[in-house]
Amino acid sequence: MSRNVLLLPGDGIGPEIVAEAEKILHAINEKFDLKLTFDTGLVGGAALDEADNPLPDDTLDMARKADAILLGAVGGPKWDALPMAKRPEKGLLGLRSNLELFANLRPAILYPQLASASSLKPEVVSGLDIMIVRELTGGIYFGQPRGVRQLESGERQGYNTYAYTESEIRRIGRVAFEAAQQRGKKLCSVDKANVLEVTVLWREIMNELKSEYPDVELSHMYVDNAAMQLVRAPKQFDVIVTGNMFGDILSDEAAMLTGSIGMLPSASLNSEKQGMYEPCHGSAPDIAGKGIANPLATIISAAMMLRYSLDEEKAAAAIEAAVNKVLDQGLRTADIMSEGGTRVSTREMGDAVLAAL
Ligand SMILES: NC(=O)c1ccc[n+]([C@@H]2O[C@H](COP(=O)([O-])OP(=O)(O)OC[C@H]3O[C@@H](n4cnc5c(N)ncnc54)[C@H](O)[C@@H]3O)[C@@H](O)[C@H]2O)c1
Ligand SMILES: CC(C)[C@H](C(=O)O)[C@@H](O)C(=O)O
Ligand SMILES: [Mg+2]
């Protein structure tokens with residue numbers, strides 16, 4: 001049975017890092033006889049330039065038909081002045097909402113070889129393995145109404161709506177409880193229930209779900225404290241579940257515990273386990289075109305794709321083992337460079353993972 005993978009390189013460093021992951025996927029396809037077919041599409045700024053639309057119809061069609069999607073990154077200063085509806089980021093958000101990819105898994109794992117690249121002391125982060133489960137198709141990112149309006153006083157007001165329905169909270173809660181069951185059986189729900197009604201409901205539903213998962217220990221934490229605890233004592237966490245915006249912010253913070261944002265992969269899944277896979281970082285305009293971006297978050301995202309959407313655990317584990325091997329060899333892109341490492345380019349890192357396979 002053949003399966004189709006859609007590659008969406010996007011903008012900035014997107015094409016550079018997706019090219020490396022693509023090499024690895026082609027090799028793994030042959031090695032494990034996976035019968036994967038590949039298509040490539042336009043999204044974000046690249047699609048705006050070509051088709052005046054950050055999410056062209058044919059990209060969305062291909063995405064709907066694909067078994068899995070691997071995306072690089074979207075956005076950049078070239079498109080920053082465009083109105084919100086026309087920005088590259090709308091392409092990404094449109095894919096997430098149209099495919100109902102509500103469950104965003106962002107694992108922050110410290111590879112032991114990178115302990116000295118972490119922003120924290122080795123004893124605080126060694127062995128770190130956290131899963132952030134971020135709700136991805138609701139909350140303030142998608143709430144209506146939104147916009148900029150003219151007030152009677154004469155000034156303009158910008159506004160967004162932070163809303164979650166019970167069913168939206170319940171479905172992401174279940175994903176998080178199930179993840180906790182398969183891991184360390186600890187779930188921390190992060191909210192702002194001391195201020196925001198929407199998260200009072202969030203907390204209520206999480207408490208309600210707890211009775212279905214008696215083996216999981218549930219705790220609650222306000223997001224400001226969670227941001228602090230993540231750098232004070234990150235190993236207290238196993239699975240964190242939170243809304244769209246808090247999850248966006250906390251996952252970038254967690255990235256630095258692992259050494260670099262260039263190490264953090266992600267999976268965005270719908271209820272059919274169709275998924276879009278992407279590094280958590282953006283298009284990194286400051287280093288785009290220089291050949292120095294770290295492709296490992298994208299390569300590890302490809303491994304997650306094999307595991308979660310294509311059911312190819314062995315192939316996924318082979319990629320992860322190859323990544324481990326190149327880190328053992330001391331190969332480092334600039335963002336994870338530390339004493340004694342050998343500095344490599346984006347392409348050299350991809351080639352090394354390929355050789356390790
Ligand atoms: N999923 C996505 O497509 C996504 C995610 C975040 C930001 N963005 C977009 O990307 C653009 C730039 O955003 P930003 O600068 O806030 O965030 P960013 O993640 O692109 O960059 C932040 C910093 O991290 C560095 N960095 C990021 N990825 C790296 C990698 N693989 N290797 C080495 N260094 C890396 C960058 O050089 C930069 O210094 C914006 O348009 C933003 O909307 C897109
Ligand atoms: C580019 C942007 C829309 C996106 C988000 O905020 O979700 C990004 O920051 C991410 O983390 O994937
Ligand atoms: Mg983000």
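1. Ala315 sits in helix α11, residues 313-328, where helices (H or I, at least four residues) and strands (E, at least two) are DSSP runs numbered from the N terminus. Ala315 counts as buried because 24 other C-beta atoms lie within 10 Å; the term buried requires 20 or more other C-beta atoms within 10 Å of a residue's own, while exposed means 12 or fewer and partly exposed lies in between, with C-beta atoms placed from the backbone. Apart from neighbours within four places in sequence, Ala315 is in contact with Ile28, Phe32, Leu34 and Leu306, contact meaning that the C-beta atoms of two residues, placed from the backbone, lie within 7 Å. Thr137, by comparison, is 178 residues from Ala315 in sequence and 29 Å from it in space, C-alpha to C-alpha.

2. A word on the source of these values: this is a predicted model, in which local features need pLDDT of at least 70 and side-chain atom pairs count only at pLDDT 80 or more, whereas totals for chains, interfaces and linings use all residues. Residues are numbered from 1 along each chain as its sequence is written, and chains are lettered from A and ligands numbered from 1 in the order in which they are written.

3. The protein chain is divided into domain 1 (1-102 + 270-357) and domain 2 (114-264), with bounds that come from an automatic or database domain assignment. The centres of the two domains, taken over C-alpha atoms, are separated by 23 Å, and 18 residues of domain 1 are in contact with 19 residues of domain 2. On the side of domain 1 that touches domain 2, the elements giving two or more residues are α4 and α10, and α4 gives the most, with three residues. That side has 10 nonpolar, five polar and three charged residues, where Ala, Val, Leu, Ile, Met, Phe, Trp, Tyr, Cys and Pro count as nonpolar, Asp, Glu, Lys and Arg as charged, and the others, Gly among them, as polar.

4. Ligand 2 is surrounded by Gly75, Glu89, Leu92, Leu93, Asp248, Cys280 and Gly282, a residue being near a molecule if its C-beta atom, placed from the backbone, lies within 6 Å of it. Within α4, Pro88, Lys90, Gly91, Leu92, Leu95 and Arg96 are buried, and the buried residues of this helix pack against α2 (45-51), α3 (57-65), β11 (267-269) and β12 (275-277). The helix is followed by Glu100, whose phi is positive, near 55°.

5. Around ligand 1 there are 21 residues, of which Gly75, Gly262, His281, Gly282 and Asn294 come nearest. By class, the shell of ligand 1 divides into 10 nonpolar, seven polar and four charged residues.
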